[in-house]
Amino acid sequence: MTGNAREQLAARVLDLARSVAGPSAQAEVTVSSTVRGLTRFARSFVHQNVVDTSERIRLRVVVDGSWAAVSTDRADSDSLLATVESAVAAARVRRPDAAFPGLAPPAPLAGGGNWDDATADATPDQRAAVVREFVAAADGLETAGYVESTRTESVYANTAGQTVSGRVTGAAADGIARVPGADGVARRGSVRLDELGGAGLGRIAAAKARAGASPVDLPPGDYEVVLEPACVADIVHFLLVHGFNGRPVGEGRSFVRPGEQQFDAALRIWDGPLDELSTALPYDVEGTPRQRLDLVVDGVSAAIAHDRRTAAAAGASSTGNAIDGGERWGAVPDQPRVGAGGGGSSADLAATMRRGLLVSDFWYTRILDPRTVVITGLTRNGVWLIEDGEIAAPVSTLRFTQSYPKALAPGAVLGVGSDASAVPVRSASELVHAPSLHLAGWHITGGAAG
Amino acid sequence: MFEVAEAAVEAALAAGARYADARGMYQRNESMAARNGDVEDLAQRESVGVGVRALVGSSWGFVAVPDPTDAEARRAGERAAAVARASAQVPGPDVTLVPIEVRQDSWASPCEEDPLSVPLTEKGDLVAGVTATMRAAGASLAEASYQVWDTTKWFVSSEGSRIDQRVRECGAAMSATAIGEGETQRRSYPGIRGQYGTRGWELVRELDLPAHAARIAEEAQALLTAPECPAGETTLILGSEQMALQIHESVGHATELDRILGWEAAYAGTSWLDLAKLGQLRFGSDLMTITADATLPGALGSFGYDDEGTPAAPQDIVRDGIWTGVLSGRDSASVAGLSYGGMVRADGWARLPMVRMTNVGLLPGDSSLAEMVAATEDGILMDTNRSWSIDDRRLNFQFGCEVGWEIRNGRRGRMLRNPTYTGISPRFWGSMDMIGNRSEWTFWGTPNCGKGQPSQVGHTGHPSVPARFQGVRVGVRG
């Protein structure tokens with residue numbers, strides 16, 4: 001479907017909504033096309049290779065203050081009419097939503113999204129070539145991972161007069177190399193497939209795997225740590241979902257208190273949907289233009305992410321962070337950035353530790369208490385004991401139970417790396433750009449032996 | 001839809017595939033969520049499309065397209081073969097498929113009351129009403145929801161299978177959250193994820209949400225001032241809902257053959273289980289018998305045929321404490337030298353079928369929860385899952401529950417907040433010394449099992465009973 005066809009389809013759906021629900025009805029529609037190619041490898045061969053195409057129409061109709069949302073991937077006339085009628089019927093059975101904030105008013109976008117023609121048209125052969133480079137660079141070690149390329153083109157329109165469109169591409173590679181008892185990982189996300197560099201990633205993963213061989217067990221306790229960017233991405237994810245999200249803030253479930261120095265002064269966090277790294281559309285699911293949102297400035301909690309509903313409840317404006325399902329989950333930034341410091345690489349930061357841990361990756365992190373953001377999880381893909389600035393030994397998997405805000409509290413951040421990199425979180429469409437962090441304490445509650 | 005799927009398969013064969021299959025799917029989904037007395041979200045979704053899988057040489061390719069015409073389906077079949085050829089740039093060992101009986105058949109899950117035909121007003125009144133009741137009973141935050149899925153599949157393979165299935169699933173959930181000064185406490189009913197099955201709306205009616213709404217709100221409030229779960233080693237009794245989670249995470253995922261073979265090593269992870277020890281390794285105590293059985297009527301992991309056209313059949317996973325079986329598909333079983341697949345599914349037409357739990361559950365024993373409590377001098381009873389974390393080999397776990405109760409001298413005592421326990425899987429299962437009986441056997445449904453890349457959400461079933469474990473470390477916290 002072309003951009004013009006999507007705009008025409010969106011206008012047609014809005015006309016249909018008004019014709020079925022009456023001229024006073026409000027409606028918003030998103031028409032999006034996504035093509036995703038994903039090439040997975042394991043045991044050093046490609047074992048899954050998929051391409052899927054989706055054409056999705058999402059409609060929300062508001063009738064006399066009540067609303068309902070429907071979606072379909074059928075664009076023929078009969079199906080569209082049935083979809084609109086279904087939405088209107090569903091809206092009419094609800095009580096009016098007194099807190100409905102109205103539809104997004106007309107507002108211009110600050111950009112159209114980051115797009116790369118070559119990535120948009122990437123072939124399975126090109127993705128397989130990145131895999132081949134990764135496998136070859138691992139120099140005989142067993143490897144596993146994926147290479148992905150995506151393209152999304154979308155139009156949003158509503159009856160309040162807002163019509164915006166955008167298109168984005170994304171690419172990601174994420175792989176491990178393995179030796180008995182240890183894995184090493186390397187990953188990278190980008191707007192462009194040709195920036196992934198399979199060979200470089202394969203070399204890093206292999207080096208880490210070899211450095212992790214023959215790990216030792218460590219007892220539970222509090223350890224100084226250097227966390228590499230993937231760990232930092234995990235921390236930021238939980239802070240944003242449970243802390244800086246307008247929904248839990250409004251309900252008194254968040255730890256965040258805007259204006260207070262809740263974090264170490266070395267910490268800066270923002271949402272960067274419009275920067276050159278972003279793989280996000282330039283507007284949110286409510287059609288609100290996206291913008292940079294400074295969340296933590298020099299350790300001070302500076303802002304809360306809002307969609308139109310949470311913003312109205314808080315007497316604020318939407319920050320353009322509405323997400324699919326936001327009525328339940330709230331507003332969550334999906335392009336977080338953590339400001340780099342001058343600490344060099346994770347190895348440079350580790351060199352300043354008398355005794356502590358260097359951690360590559362977290363795994364299966366789950367929240368124990370949303371208010372304090374206490375998380376339990378495990379290390380994965382490499383942990384090393386550092387003594388007097390040197391690697392003393394690779395370490396077996398460790399379990400931790402740790403309050404994330406507490407780990408970043410004033411005085412707790414001992415160093416910020418200058419090694420910020422784009423970490424794909426599950427896919428190329430959510431990239432976290434973060435450096436390594438050197439933290440004063442991390443609560444290890446168990447090891448591989450229990 | 002059969003014709004479209006057949007066109008895709010024919011085109012894949014013509015383009016060089018030595019095997020191909022295609023699934024046409026029409027899916028309808030409806031969900032409603034209420035909060036604090038009002039419906040806050042009502043969503044309906046329909047989706048139709050075809051996914052075609054082609055095997056060229058030793059490599060797979062998969063292409064999915066929405067609502068295709070015959071010509072578009074043919075093009076998808078050709079592209080699937082081309083994708084498979086691209087895979088051959090980094091080739092693997094030969095792929096063979098364990099043989100299955102070719103079937104032409106129809107199957108449908110049991111459904112007494114079509115969930116999509118129940119009036120929206122009635123469903124809305126239910127979820128909004130229970131949240132109002134919870135608020136009135138003191139909940140700071142009261143939430144309730146239901147979900148319905150109605151899926152029709154048309155499966156065609158180049159071996160001659162031609163199978164259609166209609167699976168209707170639904171269920172509901174509610175929770176009450178109490179917000180204190182320093183933390184939040186939550187109670188859910190019937191479980192953290194609710195309860196779901198391959199049944200009609202009669203399942204939701206049987207849950208009787210209104211009868212439990214006030215109780216969970218009061219319990220959430222009481223938890224705020226309950227003493228913290230003590231730290232140490234003790235006798236642990238788990239309710240059947242938490243047991244379902246324990247089975248899912250530490251047995252179900254651990255016995256997925258794709259993990260054991262290393263095919264999921266980079267993401268979902270691997271398994272501590274070594275195929276060379278299948279049939280000999282002690283997984284747990286003699287009381288532990290786990291089956292994977294997609295034939296259980298109404299359980300969430302039930303179907304007539306999996307997404308490779310293999311008919312549903314029960315499979316022993318652990319028998320009397322010995323590891324005896326795996327969850328497998330046709331290609332993974334062949335690699336492992338096993339004779340059975342039948343546990344491969346995709347969450348939609350746009351996704352590649354992969355090894356999935358069916359109904360992985362614990363067969364009942366001869367005790368009851370009351371007998372376990374009575375037989376325990378000093379211990380803790382925990383129920384309703386709250387948090388779950390397990391390592392990538394499915395060996396080291398730490399799980400939290402919403403509520404615990406102290407057990408002293410054979411009696412259930414005061415409520416405990418923030419109960420957690422941790423362990424190493426075979427050691428933990430080896431300590432199981434009492435399990436519930438058939439009257440306590442519940443087919444819990446998990447509607448949100450994430451696995452795969454791109455991520456797929458699986459629906460799995462977990463028949464379970466309460467059980468007792470010895471020498472378990474509890475009260476781990478940050």
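Predicted model: local features only at pLDDT ≥ 70, side-chain atom pairs only at ≥ 80, totals over all residues.
**Chain A overall**

I looked up the secondary structure of chain A next, and it comes to 11 helices and 19 strands. Buried residues make up 62% of the chain's 450 residues. For the extent, I took the C-alpha trace along its principal axes and got about 75 × 50 × 35 Å.

**Helix α1 of chain A**

Then I turned to α1(A), which covers residues 3-21 and has 19 residues. From first C-alpha to last it reaches 27 Å, close to the 27 Å expected at 1.5 Å a residue.

Which residues of α1(A) are buried? My list reads Arg6(A), Ala10(A), Val13(A), Leu14(A), Leu16(A), Ala17(A) and Ala21(A). Looking down the axis of α1(A), I see these buried residues fall within an arc of 160°, so they line one face of the helix. The general rule is handy here: an α-helix has 3.6 residues a turn, so residues three or four places apart point the same way. On the other side of α1(A), I noted Asn4(A) and Ser19(A) as exposed.

What covers the buried residues of α1(A)? I found that the cover includes the strands β1 (26-42), β2 (45-63) and β4 (142-158) of chain A, along with the helix α2 (77-92) of that chain. Just after α1(A), I marked Gly22(A), which takes a positive phi of about 105°.

**Where chain B touches chain A**

My last stop was the contact between the two chains, where 63 residues of chain B are in contact with 75 residues of chain A. Several elements of chain B each supply at least two residues to the side that touches chain A, among them β2 (38-56), α2 (70-87), α3 (120-136) and β17 (396-408). Which element gives the most to that side? I can answer that with β2(B), which gives 12 residues. By class, I have 29 nonpolar, 23 polar and 11 charged residues on the side of chain B that touches chain A.

I noted one facing pair for a look in the viewer, with Val50(A) standing opposite Phe62(B) in β3(B).

Terms used. Residues numbered from 1 in each chain as written. Chains lettered and ligands numbered in written order. Helix = DSSP H or I, 4+ residues; strand = E, 2+ residues; numbered from the N terminus. Expected span 1.5 Å × (residues − 1). Buried ≥ 20, exposed ≤ 12 C-beta atoms within 10 Å, placed from the backbone. Arc of directions from axis to C-beta. Contact = placed C-beta atoms within 7 Å. Nonpolar A, V, L, I, M, F, W, Y, C, P; charged D, E, K, R; others polar. Pairing = 2+ DSSP bridges.
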